[in-house]
Amino acid sequence: MIDIILDNDHSSRYIEEILGRAGLAWRRADLGNLGETLVLVGDGSLDAGQRDTITGFVNDGGALVVTGGTWGLDTPLGATGSAGGEGYISTGSPAHAITDDLHSSLHVFSGSVLRATDGTSIATLLDATRESSLGDAVVVNRVGEGATVVIGPNLPQSVLHIQLGRSIHEDGEPAPDDTAAIDEGILKTDDGVVLSWEHDRVQSPVPEPIPADTLGLHENYPDGDTPWFAWPIADELRAILLRAIAWAEAEAGIAQASVAAWPRGLAAVGLISHDSDGNLDAGAHSTLAVMDRAGIKSTWCHIWAPTNQSEYDPQTFRLIEDAGHEIALHYNSLDMNGGTWGREHLRTQAATVAKEAGVSGFTSNKNHYLRWEGLVDFFYWLEDEGIQADQCKGPSKKGNVGFPHGSNQPWFPLDPETGEFIDVLEIPLQFQDLWLTALPYQGKVTIGEAIRRNGVAHFLFHQAHIHTKPGVVDALLDTVSYGRDQGLEWWTSKQINDWERARRTVKVDVLENGSAVAIESAADLSGVGVIVSWPEGREIPQVATLGDQVAKVSGIVYAGQPAIAFNLDVTPGSAVIALS
Ligand SMILES: [Zn+2]
C-alpha cells in the first residue's frame, strides 16, 4: 500500500492513474498513520511538524519518493529545488536501477530543477533546447534506515500533458522536414501533440529489406529512415516513477505487491482495428478472410456517412459477429463525408449504426480521420453515451507514426480543469495501414515497446486497403505472426477494456510478515498475475496457495528490482495468499 500526498494542482492527481495502471494499491496519506511508502506529487508546502513527521518516518525505515518539488524536505532528500519547467531528463552513465534501459528523450513539461547536496544525482535536467544543463533531475539518498528519491520534474503532470496534448482549435505546426503536414485543415488528435518534432522523434536503423513496391516510404527519406515517434516517452516517465518507488523500497527493505498488467504472464497484447469508411461490402468479406488466415479477432469500427455509395449487407454484420470480432463505432465528424462535430451527432450516429449493425450498443469507438476538437470534451461525450473505450489518440502522417501521444498504455483521462477522471479507457493507436503509411519493420519495433512497457501494440488496417492492396495484407499477416512469436496475444478493444476495468478492482497488499499477500477483487478473473518484490538472497518460495489453488512461483525482475510472480484465479471478495 502506497500513501500519497498531492499539491493543489489538479494534474498532480494523475499519480493515481499511474499507480492504478501499475497494479499498485494506494490511499491518501494520513500523517498520523503512515504505512511504509510515501509519495508526494507537485510542489506543495508542509509545516515544520509535518516535515519532522516525514523525516522521522524515513529515518525509521520508510521509503519516500517526491516528484515535482522538494516540499521543504531538503534535508532528508539531500537536494534543494528551484522553479523549473519544460526540459529533458538526461540519464548519463553508468545507469542507475531507476534510469536503466530507457531510450526516449524523456521530455518533461513542469516541476523543479534540483541541486544535489547530501544526496547522489543520477540524472540531470536539460533545457528545452536539449543543449544546456539546468541542474539535477533525479537525486537518491539514504537516511537512517530509510531511503529517498526526489525527481525534479512533475512526472504525473508531464505524462498527462503528453497523453492529452493541447486543446485543439486549429491545425498544429507541421514537421519542418515536410514528413507530417498536419496543417491540412482537418482538426484531429495529432494537431494537439506537444512532443517536439526535433527532439522527440528518431531515425531508426532499417533492419530488414524494404518491400520493393511499398508506399510507406517518405520521398525525403528514400532509405526508409523517416523520423518517427519510435519510443513511448510518457511510458518511460511512468517507468522512472515506478522504479524510484521500487528502488527506495528495496533500499529500505520494504516488500510491495502489485497486480500484473495482463493475465497468465503475458507481457503485452496486440490489437488490430478496422475503419469501414466507404462501407464496401466486398471489403468486409476480404477482411473476414484475411482475419481468418491470421487466426485472430479484431475490432471493426463502423461508420455512418451519407456520402457513401454502398453499405454492408445485413448478413455481413452477422458474419463479423459470428467470427468473434467486435463491432464498434467509427464516429464521423468530417464535413466532406457529411459528418458534423457535436454531442448530438455522436448520439444520432451511434443509434443509426447500432440499428444498421443489429447490435444494442458499442464498447469501443474510433473517430473517422481521428477527428478531435478541444481537450477532453469528446471523452465526456463518450462517457455520457456509455461507450467505454476510445482509440482516437494516434498518428495520421508518415512523420508522426508511433507514439505521438507518448504511450502504449490503456489509460483513463483526467480533466485538468476539474481534477476529475473521465470514465473512458483510451487505447492509443500507433499505425494506420503498415506498408501504405509506414514500413512493416516499424510495427515490429512497436511490438517490442509494447512488451517492454506491458502495453498494447495497436494497428489500424482499413478494410478498403486490405481489399485492394496485397502489400497491406502481407504487412498485417506478418505483424500478427511476429507478435505471436514474441509472445503477444491479439485481443479486441472490448477484451482489453473489460480486462483492464476488472483487473483494476483487484488489490493486493503484502502482509507484515512477508509470507502472505492479502488480495481483494470485485470481479471473477482467471490467471491474474501477482508480483511481490523480493530481496536478492532471500529464498524464493516455491508455491503460492489461495484456497485450493496452488500456483508455481517464479523469480523475475520488476521495476528494476528482484521480485517473485505467480498467477491465480480470483473471485469477488477478500482472501489471503500464502507463500511457502
Ligand atoms: Zn475513417
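A523 is buried, because its relative accessible area is 14% and buried means under 20% (exposed is over 50%, partly exposed in between, with a 1.4 Å probe and protein chains only). This is a predicted model, in which local features need pLDDT of at least 70, side-chain atom pairs count only at pLDDT 80 or more, and totals for chains, interfaces and linings use all residues. Residues are numbered from 1 along each chain as its sequence is written, and side-chain values use heavy atoms, leaving out hydrogens and water.

**Around A523**
- A523 sits in the loop between β25 (516–521) and β26 (525–533); strands (E, at least two residues) and helices (H or I, at least four) are DSSP runs numbered from the N terminus.
- Beyond its neighbours within four places in sequence, A523 is in contact (heavy atoms within 4.5 Å) with A502, T505, V570, T571 and P572.

**Zinc site**
- The zinc ion has the protein donors D277 (OD), H330 (NE2) and H368 (ND1), at 2.1 to 2.2 Å.
- Donors are N, O and S atoms within 2.8 Å of the metal (3.2 Å for Na, K and Ca); water is not among the atoms, so sites may look incomplete.
- D277 lies in the loop between β13 (269–275) and α6 (281–294), and H330 lies 53 residues away in strand β15 (residues 326–330).
- D277 is partly exposed at 21% relative accessibility, whereas H330 is buried at 0%.

**Salt bridges**
- There are 30 salt bridges in the structure, each a side-chain nitrogen of Lys or Arg within 4 Å of a carboxyl oxygen of Asp or Glu.
- E500 and R21 form one at 2.6 Å, N to O.
- E500 belongs to helix α13 (residues 493–503) and R21 to helix α1 (residues 15–21), 479 residues apart.
- R347 and D384 form another, with their closest N and O atoms 3.4 Å apart.
- R347 is in helix α8 (residues 343–357) and D384 in helix α9 (residues 377–385), so this pair ties together parts 37 residues apart in sequence.

**Five-strand sheet**
- The strands of an open sheet follow the order β24-β25-β31-β27-β28, with antiparallel pairing; two strands pair if DSSP finds at least two bridges between them.
- β24 (507–510) and β28 (549–552) are the edge strands with a single partner each, so one side of each has no neighbour in the sheet.
- Strand β27 (residues 543–546) is joined to β28 by four bridges, and V543 has K552 in β28 as its bridge partner.
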